[in-house]
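Me: I'm new to reading protein structures. Could you walk me through this one, feature by feature?

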Amino acid sequence: MKPIITASELVSESAGARPPVLLDVRWQLGGPPGLPAYEAGHIPGAVFVDLDVELAGPPGSGGRHPLPDLAAFGAAMRRAGVSADTPVVVYDDWLGWGAARAWWLLRWTGHARVRVLDGGLAAWTAAGHGLSKETPAPEPGDFAPEPGAVGLLDADGAAALARSGLLLDARAAERYRGDVEPIDPVGGHIPGAVSAPTTENVDAEGRFLSAEALAARFTKLGAGDEGGGEAVGVYCGSGVSGAHEVLALAIAGTPAALYAGSWSEWSNDPTRPVATGPNP
């Protein structure tokens with residue numbers, strides 16, 4: 001199953017015998033809560049999922065968006081109607097980061113049939129499809145999270161991968177270099193990490209580049225055969241945009257692990273080394 005789905009494909013599948021469960025993950029970095037936007041209009045049948053509450057734990061030493069409590073995450077997914085064998089489609093209305101976080105968490109906890117709506121809500125409305133203000137009440141699902149289905153890195157694992165394989169930094173290049181740091185206490189990057197801004201994985205409309213174009217991009221950065229076939233990992237500011245880059249790598253055919261704590265965890269530990277400038 002491809003990790004993304006188009007608006008036209010979603011329409012077709014939603015009219016079929018086994019329609020997917022739809023999750024609306026409206027979230028913006030430093031932006032307003034997503035629930036009011038959801039209530040103002042969403043894809044018919046979609047259930048709102050709160051990234052800060054249901055897809056992350058409380059901020060702390062593990063970062064700004066640490067992994068959620070698995071029992072709470074499982075309960076949120078079951079409330080939304082997710083079962084182990086039901087297809088799931090997730091979307092948002094801002095860069096695809098929130099949707100990718102939900103996609104990664106479901107994949108990591110063992111759900112194999114989850115996809116992201118390519119281009120998000122904008123692609124849906126641009127295709128002429130309507131929105132609904134009705135809040136659905138789906139039958140509860142039976143999904144039980146079983147973590148470990150895809151790769152997860154901690155700080156030590158990220159440091160080791162930066163030396164032995166390929167660790168990609170999905171933040172903006174100026175944050176990687178340490179020119180600016182608007183959120184976390186220290187600017188710069190994990191020593192050995194390679195700059196790979198998430199924004200370069202999509203076109204001007206927020207849709208992912210083709211699998212071929214993404215494969216070429218990541219090969220140039222050191223993934224794939226030309227990079228020796230090393231293991232690949234990704235981090236970002238707090239494990240949200242990094243999930244989007246893991247999704248882009250999946251489209252390109254390259255499996256990658258996510259350092260969920262990311263820079264918000266790393267930079268809050270004074271014992272961790274920091275590199276600055278344009279080079280790893």
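Me: Which residue in S4 is the bridge partner of Asp24?

Reply: Happy to start there, and keep in mind that this is a predicted model. Strands of a sheet pair through backbone hydrogen bonds, either parallel or antiparallel. Here the partner of Asp24 in S4 is Tyr91. Asp24 belongs to strand S2, residues 21-24, and S2 pairs with strand S4 (residues 88-91) in the parallel sense over four bridges. Along this pairing, Val21 stands opposite Val88.

Me: Which residue of S3 is the bridge partner of Asp24?

Reply: In S3 that partner is Phe48. Strand S3 covers residues 47-48, and two bridges join it to S2, again in the parallel sense. To get from S2 to S3 the chain passes through helix H2 (residues 35-40), making a right-handed β-α-β crossover.

Me: In what order do the strands of this sheet lie?

Reply: The order is S1-S5-S4-S2-S3, an open sheet of five strands with parallel pairing. Strand S1 (4-5) and S3 are at the edges with a single partner strand each, so one side of each has no neighbour in the sheet.

Me: Which way do the side chains of S2 point?

Reply: In a regular strand the side chains alternate between the two faces of the sheet. In S2, Val21 and Leu23 point one way, while Leu22 and Asp24 point the other way. All four of these residues are buried.

Me: What is the order of strands in the sheet that contains S6?

Reply: That open sheet of five strands runs S6-S10-S9-S7-S8, with parallel pairing. Its edges are strand S6 (152-153) and strand S8 (194-195), each with a single partner strand, so one side of each is left without a neighbour in the sheet. Inside the sheet, S9 (residues 232-235) and S10 (residues 257-259) run parallel and are joined by two bridges. Val234 has Leu258 of S10 as its bridge partner. Helix H10 (residues 241-252) packs on this sheet and touches S7 (166-169), S9 and S10, and its direction makes about 150 degrees with that of S9.

Me: Which residues of the largest nonpolar core touch the most other members?

Reply: In soluble globular proteins, nonpolar side chains tend to be buried together. The largest core here has 50 residues, and Leu23, Leu55, Met77, Leu106 and Leu168 touch the most other members. Helix H5 (residues 97-108) supplies the largest share, nine residues. Leaving out residues up to four places away in sequence, Leu106 touches residues including Leu23, Met77, Val88 and Phe143. Another core, of 14 residues, lies apart from the largest one, and Leu153 and Tyr259 are among its members.

Me: Where is Arg113, and what does its side chain reach?

Reply: Arg113 sits in the loop between H5 and strand S5 (114-117). With a relative accessible area of 33%, Arg113 is partly exposed. Its side chain reaches the backbone oxygen of Asp85 at 2.9 Å. Pro87 is 26 residues apart from Arg113 along the chain, yet their C-alpha atoms are separated by 4.9 Å.

Me: Is Ser132 buried or exposed?

Reply: The cut-off for buried is under 20% relative accessible area. Ser132 has 16% relative accessibility, so it counts as buried. This residue lies in the loop between helix H6 (120-126) and S6. The Ser132 side chain reaches the backbone nitrogen of Glu134 at 3.0 Å. Not counting residues up to four places away in sequence, Ser132 touches Gly41, His42 and Pro44.

Definitions and conventions. Residues numbered from 1 in each chain as written. Predicted model: local features only at pLDDT ≥ 70, side-chain atom pairs only at ≥ 80, totals over all residues. Heavy atoms only, no water. Pairing = 2+ DSSP bridges. Contact = heavy atoms within 4.5 Å. Axes fitted to C-alpha atoms, helices over the stretch in contact; angles between N-to-C directions. Buried < 20%, exposed > 50% of the residue type's maximum accessible area, 1.4 Å probe, protein only. Right-handed = clockwise from strand over helix to strand, strands pointing away. Core = buried A, V, L, I, M, F, W, Y, C linked by side-chain atoms within 4.5 Å. Polar contact = N/O pair within 3.5 Å; in protein donor to acceptor, adjacent residues only side chain to side chain.
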